[in-house]
Amino acid sequence: MRSSEIECSEGSDHEVPLRESCGVFGVYAPGRGVAQLTFDGLYALQHRGQESAGMAVSDGEGITVVKEMGLVTTVFDERTLSCLPGHLAIGHTRYSTTGDSNWRNAQPMYRSVGGAGFALGHNGNLTNTAELAEQAGMLPGMVASDSDLVAELLARHCPAVPLNESPGADGQNGQKASDGLASSAGVGEGAFDEALESALRSVLPLIGGAFSFVLLDSNHLMGVRDPNGLRPLCLGRLAPTGHPGGTGHPEGWVLASESPALDVVGASFVRELEPGELVVIDSFGVRSERVFAEERIDPRLCIFEFVYFARPDAHLYGREVHGARRRMGKMLAAQAPVDADMVMGVPESGVPAAEGYARASGIPHGQGLVKNRYIGRTFITPGQDARDAGVRRKLNPLRENIAGKRLVVVDDSIVRGTTQRAVVRMLREAGATEVHLRLASPPLVWPCFYGIDIPDRDELVAANASMSELESFLGADSLAYLSLENLVRAIDAPGAGFCTACLNGEYPVPVPVEVEVGAVRRHDVPAAPARA
Ligand code: SF4
């Protein structure tokens, strides 16, 4: 293919290269303002999903769900939070990879079961949704997403609690009111005890793909990670406060997609949940259980959590993400050296790797681009001119730092290449004499079925062009990627397993071609390797 034949497909979004599917949070903390804690936790996880936000709060008498389209700060304010008393809560921020972006698909999902109820938040993407729905006899349209399906299956497996066993039952279970509130009827502790746990034991072994769930019923907080641990989930502890018998708070517990959400609520990091682990948290503390067959346990955390998705201050596999990104840059400098005057990162996720590259190469590190801090989601605009305008809206060059210099420009990854192409052009216009692009990960060449929105394969620029064609398309003097081997080495978590499917086509969980993620075509799917 000649470089002139590499085209940016109309409608591609240069502004947001990859999107995480969701962030989840849960807290069990009697005596503390759990709604406020959940708000703070979700705010720390906002980067994992910006389409909708929600929380479910239980006071032991009933569960109240508030969810709306928009950012965490749009959905919740002081007044809303003050109306949500309780001792446990779960929260969710969503970006849709299956199901439409609408209120019905906003989470937490709520189900009433007789006089009781539960709520669920999901990060990930199931791979056998259609099969499960068919087996359960669900007609098309009965469930709106894979998360909705899991909630429905759990509800069907929960023994119903008669309404007359539910103090405060008012017949309004799960009904959405015009202000976005849904409430369950109350249920006394004991009536629904263990029903959800027992339903989880039945349903979880049936589902495939990527899932980190948080769930609650009236008195229990639960967290689950899929047997591959594809999406992260960690446990934190809120230390007791005050004196025994005084006015302090007892010990509390927190679940979160990423550890910075523990930090903001004052919880200390305890550990990551193990792949395939279910934890149940209640007044007796934390119980752990394995609910999957041993042969399904195969740790494969998404490697892109380290490259791009997770916050730099997050800890995964016992490693701080920022340090791993710096080591990626260091490895890249050794793997793809170049004679230059300045190393700069593409803000913000390319910056730690640029620092690592600079330190290892001895080339000074500098800032070449300023990012507009307030940029949010922007329109998906067709045409190269519009795409360039979109990048200019987000990034602006520091001309005095750039003019007359040979630059090493470090970015985290390449998807469609439209951002890098516009950046190279912008830097040259600002006076750079050479631009050498360095990517801190191998190129994306396969779609993701596990909860990350990666475009069609024919939009993945590296899947359709040689290196020299790409250099020419991007307008760079040279181009190099960090190898997969060096990426894993840079993360420096010996023995840890990773999903690398979008980089090398090796899918840890078989993916049926019928999976509908809206961005995958039948011919795109490589044969799934046999499971060990
Ligand atoms: Fe992550 Fe890629 Fe695997 Fe998806 S396919 S889970 S983005 S490593």
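**Close-up views of a predicted model**

Among contacts (heavy atoms within 4.5 Å) in the protein between residues at least 6 apart in sequence, 73% join residues at least 24 apart. This is a predicted model: local features need pLDDT of at least 70, side-chain atom pairs count only at pLDDT 80 or more, and totals for chains, interfaces and linings use all residues. Residues are numbered from 1 along each chain as its sequence is written, and side-chain values use heavy atoms, without hydrogens and water.

View 1. Of the 532 residues, 58% count as buried (under 20% relative accessible area, 1.4 Å probe, protein chains only).

**View 2. An open sheet has 6 strands in the order 5-6-9-10-14-15.** Its pairing is antiparallel; two strands pair if DSSP finds at least two bridges between them. Strand 5 (109–113) and strand 15 are the edges, each pairing on one side only. Neighbouring strands are turned by 20 degrees against each other on average, direction ignored (axes are lines fitted to C-alpha atoms).

**View 3. Strand 5 and strand 6 pair over 5 bridges.** Their sense is antiparallel. Arg111 stands opposite Phe118 in strand 6. Helix 5 packs on the sheet, touching strand 5, strand 6 and strand 9. The direction of helix 5 makes about 140 degrees with that of strand 6 (angles run from 0 to 180 degrees between N-to-C directions, with helix axes fitted over the stretch in contact).

**View 4. Helix 6 spans residues 195–203.** Its buried residues include Ala195, Leu196 and Val203. The buried residues of helix 6 pack against helix 5 (146–157) and several strands, among them strand 9 (209–216) and strand 14 (277–282).

Technical notes
Buried < 20%, exposed > 50% of the residue type's maximum accessible area, 1.4 Å probe, protein only. Helix = DSSP H or I, 4+ residues; strand = E, 2+ residues; numbered from the N terminus.
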